[in-house]
Amino acid sequence: MRCPFCANESSQVKDSRPAEDGAAIRRRRQCEGCGARFTTFERIQLREIHVLKSGDRREVFDRTKLELAVNLACRKRGIEQERIDRLVSSVQRQIETRGESEIKAAEIGEMVMEGLRQLDPVAYIRFASVYREFSEAQDFAQFAETVRDAAKD
């Protein structure tokens, strides 16, 4: 594993443990060149999956982009990082176990929305505001009303 600090290709694993409910392995490493410590994650990748974006664009599925979007929606909500990681892993597993090599970005968005709906209503509304492209304050108000009504039921 190449050191992110000095680019030395030799590092020593100091600690390994399961992460993300066993879906990954977290390894703590130390560079043999500069002595810096860093963390890596190993995950199973069943196949390369392409995301079909609007305008017929395609790109390789990137878990990091998914993590960033969910973390942004959950920012300053006091949600444990472990719960966020479980949500991201769950969405990734759903995508990978479909058995298809392509998935529409809209389908991923719906999976994330469903997970956030169960996790935190504010994060759910935040994600929806970007995903559904709210353009006016009344868009927020209408969506928040539906969230509030669903919570009552």
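**View 1. Cys31 is buried, at 3% relative accessibility.** Buried means under 20% relative accessible area, exposed over 50% and partly exposed in between, with a 1.4 Å probe and protein chains only. This is a predicted model, in which local features need pLDDT of at least 70 and side-chain atom pairs count only at pLDDT 80 or more, while totals for chains, interfaces and linings use all residues. Residues are numbered from 1 along each chain as its sequence is written, and side-chain values use heavy atoms, with hydrogens and water left out. The cysteine sulfur closest to that of Cys31 belongs to Cys6, at 3.5 Å, which is too far for a bond. Cys3 is also buried, with a relative accessible area of 3%. Its closest cysteine sulfur is in Cys31, 3.8 Å away, again too far for a bond. Zero disulfides (pairs of cysteine sulfur atoms within 2.5 Å) are found in a search of the whole structure.

**View 2. Three strands form an open sheet in the order S5-S4-S6.** The pairing in this sheet is mixed. Helices (H or I, at least four residues) and strands (E, at least two) are DSSP runs numbered from the N terminus, and two strands pair if DSSP finds at least two bridges between them. The edges are strand S5 (58-60) and strand S6 (102-104); each has a single partner strand, so one side of each lacks a neighbour in the sheet. From one strand to the next the twist averages 30 degrees, with angles running from 0 to 180 degrees between the N-to-C directions of axes, which are lines fitted to C-alpha atoms, for helices over the stretch in contact. S4 (residues 50-52) pairs with S5 in the antiparallel sense over three bridges. Leu52 stands opposite Arg58 in S5.

**View 3. Tyr124 and Phe143 form a tilted aromatic pair.** Rings of Phe, Tyr and Trp (its six-membered ring) pair if their centres lie within 6.5 Å; planes under 30 degrees apart count as stacked, over 60 as edge-to-face and the rest as tilted. Here the centres are 5.2 Å apart and the planes at 50 degrees. Tyr124 lies in helix H4 (residues 121-131) and Phe143 in helix H5 (residues 137-152), so the pair links distant parts of the chain, 19 residues apart. Tyr124 is buried at 12% relative accessibility, and Phe143 is buried at 9%. Tyr124, Phe134 and Phe143 form one aromatic cluster.

**View 4. Phe127 and Tyr131 form a stacked aromatic pair.** Their rings are 5.9 Å centre to centre, with 20 degrees between the planes. The two residues are four apart in helix H4, which separates them by about one helical turn. Phe127 is buried at 13% relative accessibility, whereas Tyr131 is partly exposed at 26%.
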